[in-house]
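Please keep the sequence and the model in view while reading.

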Amino acid sequence: RYFRGEPKIKRVIFKIIPDRNTVLNELSTHEIDLWTPVASSYFDRVRNIPGVTALKLPSYSFNHIDFNLTHPVLQDPAVRQALRMGIDRVTERNKIAHGLGVIQDNMVSPANPAFDARVPTTAFNLAAANQLLDRAGWKRGPEGVRRKGALRLFLVYATSSGTPDVDEAIELQRSWWKQLGVALDVKHYPAPLMFAPYQQGGIIYGGKFDIVTFAWGGDPQGDLFNLYHCSQMPPNGQNVVHYCNPKVDAAMNTFETLYTFRERQPYANSIQQQLQQDVPTIVTSIPYNLYGFNSDLKGFHPNQLNPFDNFMNVDI
């Protein structure tokens, strides 16, 4: 994707290049002026190109693993807490995202004015996770997988096809969760089916998973209503985890009636803190928005929501 400008008449040309190595080469030769988004695995190479500026900004998005709370195994909060405790998110970020990303439990980015810095972040601790499952009555079976009554800690993990970095992350998670007595069946789906609407049998919106990983874009106000309000379960909204907490609903309802960050913040804090305790979602990281652009490109100042917000001020 790139931009060309003329002194009096601005002309923007977007170019879709499916191969990232080709994009890197064309940025190096200045055949293109702007690459967005830069893949994290390419960012170090981009910032070492002479005459190219590399920029990273914490995004409003969050990478995450969602639990399907309609499934009996995942209705046990001890299981969800143990699974979160059983992911080494720092190692995962460093190996998969080349050290780029903010590790936290909060769905709201630290770049967002609604962010509550008091929300704790769970540390990786396999021993504590195992103790938690033991106390909750989940016993290891002969094959090493935990059971509780008729329930077995065997989870169907849904992900998109053609995403090798995500596959690598899932295999890391599998290795850690195996030590907790958790077994996974990973199923890959083409993106159009994965994200298809409820009415068209989509995997995510149709609840055809135990756990699923993808990314949500963050709301500029830090509003989580559509993702976690009881009324927003598919097909009504994007509450694909089927989370429902009346306390959170009440705070969200009030949040929606207020107009300033200052008025909303006590309710934003309550929502963020309760979601961290209830663990309907594991936030794996807050990613960075990564850009590489010709240093001659002047006036390009992307923000967390839109890289082209003030693009009429850009020139070269």
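## A buried tyrosine

Tyr157 is buried, its relative accessible area being 0%, where buried stands for under 20% relative accessible area, exposed for over 50% and partly exposed for what lies in between (1.4 Å probe, protein chains only). This tyrosine belongs to strand β9, residues 154-160; helices (H or I, at least four residues) and strands (E, at least two) are DSSP runs, numbered from the N terminus.

Leaving aside residues up to four places away in sequence, Tyr157 touches Ile65, Ile170, Gln173, Trp177, Leu184, Asp185, Val186, Lys187, Ile211, Val212 and Thr213, a contact being heavy atoms within 4.5 Å.

## Basis and confidence

This is a predicted model, in which local features need pLDDT of at least 70 and side-chain atom pairs count only at pLDDT 80 or more, while totals for chains, interfaces and linings use all residues. Residues are numbered from 1 along each chain as its sequence is written, and side-chain values use heavy atoms, with hydrogens and water left out.

The protein chain has an average pLDDT of 91, and 94% of the residues score at least 70; pLDDT is the predictor's confidence in each residue, from 0 to 100. Over residues 1-9 the pLDDT stays under 50, and for this stretch the model has 36 contacts beyond four places in sequence.

## Aromatic rings

The structure contains eight aromatic pairs, counted when the ring centres of Phe, Tyr and Trp (its six-membered ring) lie within 6.5 Å, with planes under 30 degrees apart taken as stacked, over 60 as edge-to-face and the rest as tilted. The rings of Tyr228 and Tyr243 are edge-to-face, because their planes meet at 85° with the centres 6.0 Å apart. Since Tyr228 lies in helix α8 (residues 225-228) and Tyr243 in the loop between α8 and α9 (246-255), this pair ties together parts that are 15 residues apart in sequence. Both Tyr228 and Tyr243 are buried.

Elsewhere, Phe195, Phe214 and Trp216 form one aromatic cluster. The charged end of Arg264 sits over the ring of Phe255, at 5.4 Å from its centre, and Arg264 also lies over the face of Phe261, 4.9 Å from the ring centre; the criterion is NZ of Lys or CZ of Arg within 6 Å of the ring centre and within 35 degrees of the ring normal.

## Packing of two helices

Helix α3 (residues 77-85) packs with helix α5 (residues 126-135) at an angle of about 170°, the axes being 8 Å apart, where axes are lines fitted to C-alpha atoms, for helices over the stretch in contact, and angles run from 0 to 180 degrees between N-to-C directions. That makes α3 roughly antiparallel to α5, given that angles under 35 degrees count as roughly parallel, over 145 as roughly antiparallel, 65 to 115 as roughly perpendicular and the rest as oblique. Ala78, Val79, Gln81, Ala82 and Met85 of α3 make the contact with Ala128, Ala129, Leu132 and Leu133 of α5.

## Backbone geometry

A cis peptide bond joins Thr36 and Pro37, with omega about -5°, and Pro37 is found in the loop between β3 (34-35) and α2 (43-47). The peptide bond from Pro234 to Pro235 is also cis, with omega near 10°.

His30, although not a glycine, has a positive phi of about 65° and counts as partly exposed at 27% relative accessibility.
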